[in-house]
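Work through the exercises below with the sequence and the model side by side, and try each task before reading its solution.

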Amino acid sequence: MPVRPLASTSVRTSDRFARRRERRERIMRWSFGSAATVAIVGSVYTLFFSPWLSVRSIGVEGMQSLDQETLLAHIHTERERRTWGYAREHYMILARPDHIAASLIAAFPILETVTTDKQFPHSITFTVRERTPVARWCVGEECALIDASAVRWDPIGNTAPDSLPMVRDMRNGMRWPQSDTAILNIIDTLLPQFRAMQIEPLSWDLPETAVPELRILVAGGSELRFSLEDDIQKQITVLAVFLRDTPGTIGAYQYLDMRIPGRVYVKKRGENTP
């Protein structure tokens, strides 16, 4: 009677146990992996899309001339824009208030800055700062406010404060200048010196001339003429010396011309000279 090899039988039994153990381990790894995936997906949903962290309150602060409801309407329109089918601005972690802030500045040129503050778990606040007008800038019949950076915003008609300088720009074929901070700097330089000389400017005119110049109509009806190609401070100093040494008032002259360096050319009222 043949004898069955015991070693071969032991090997086969051992292989079966190893395969069973490997199957159990694979099933356990799959189970743990599935559970971990479900837990991660649930955590992501809880963090990003759960009502626990939804945006429930939008605030806007810092307005001066703009209406709060107008700004809120723009913000709510931007919040409804969808990314991959989701209105991400509805959820605190996904919300990008800086993007909405940029769209506010683009839509309302009067806004100089818009800062944002996420206040977890449910609130976002937008704080706006409006531009400070330094002049009324007019091209033709259309006027707008302009700030120190030469940024202009909505036409103003007759609603601007009378205290703001009025610039009447007749250059560029009646087109709006892209920027003209040089003129604004000149106005800023001249205003305190005019006050010291008791001169009240009414308008600052930029005529269409071959040589750039500035003509300032002042109270009393006189016109002051300055060259924009020469040093304005030197021209104003020459004017101050002339008024100090010349009896009478500035209103006695139809114009005072400082465009020639070191000199003041005048025309008295009633004279026929050009």
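**Exercise 1. Find which residues line the second largest cavity, and sort them by class.**

Solution. The lining of the second largest cavity consists of I58, R79, E89, A95, I100, I124 and F126, where a cavity is a set of points, on a 1 Å grid over the protein atoms alone, at which a 1.4 Å probe fits but cannot get out, and a lining residue has an atom within 4 Å of a point. Sorted by class, this lining has 5 nonpolar, no polar and 2 charged residues, with Ala, Val, Leu, Ile, Met, Phe, Trp, Tyr, Cys and Pro counted as nonpolar, Asp, Glu, Lys and Arg as charged, and the others, Gly among them, as polar. The volume of the second largest cavity is about 30 Å³, a volume being the space filled by probe spheres set on the points, which are joined across faces, edges and corners.

This is a predicted model, in which local features need pLDDT of at least 70 and side-chain atom pairs count only at pLDDT 80 or more, while totals for chains, interfaces and linings use all residues. Residues are numbered from 1 along each chain as its sequence is written, and side-chain values use heavy atoms, with hydrogens and water left out.

**Exercise 2. Classify the ring pair of F194 and W204, and place its two residues in the chain.**

Solution. Rings of Phe, Tyr and Trp (its six-membered ring) pair if their centres lie within 6.5 Å, and planes under 30 degrees apart count as stacked, over 60 as edge-to-face and the rest as tilted. The whole structure holds 2 aromatic pairs. In the pair of F194 and W204 the centres are 5.9 Å apart and the planes stand at 35 degrees, so this pair is tilted.

**Exercise 3. Describe the disulfide that joins C138 to C143.**

Solution. The count is 1 disulfide, defined as a pair of cysteine sulfur atoms within 2.5 Å. C138 and C143 are joined with an S to S distance of 2.0 Å, and the link is right-handed, with 105 degrees about the S-S bond. C138 is buried, at a relative accessible area of 5%, and C143 also counts as buried, at 14%.

Conventions:
Helix = DSSP H or I, 4+ residues; strand = E, 2+ residues; numbered from the N terminus. 1 Å grid on protein atoms, 1.4 Å probe; cavity = no way out; pocket = protein on both sides within 12 Å on 5 of 7 lines; lining within 4 Å. Buried < 20%, exposed > 50% of the residue type's maximum accessible area, 1.4 Å probe, protein only.
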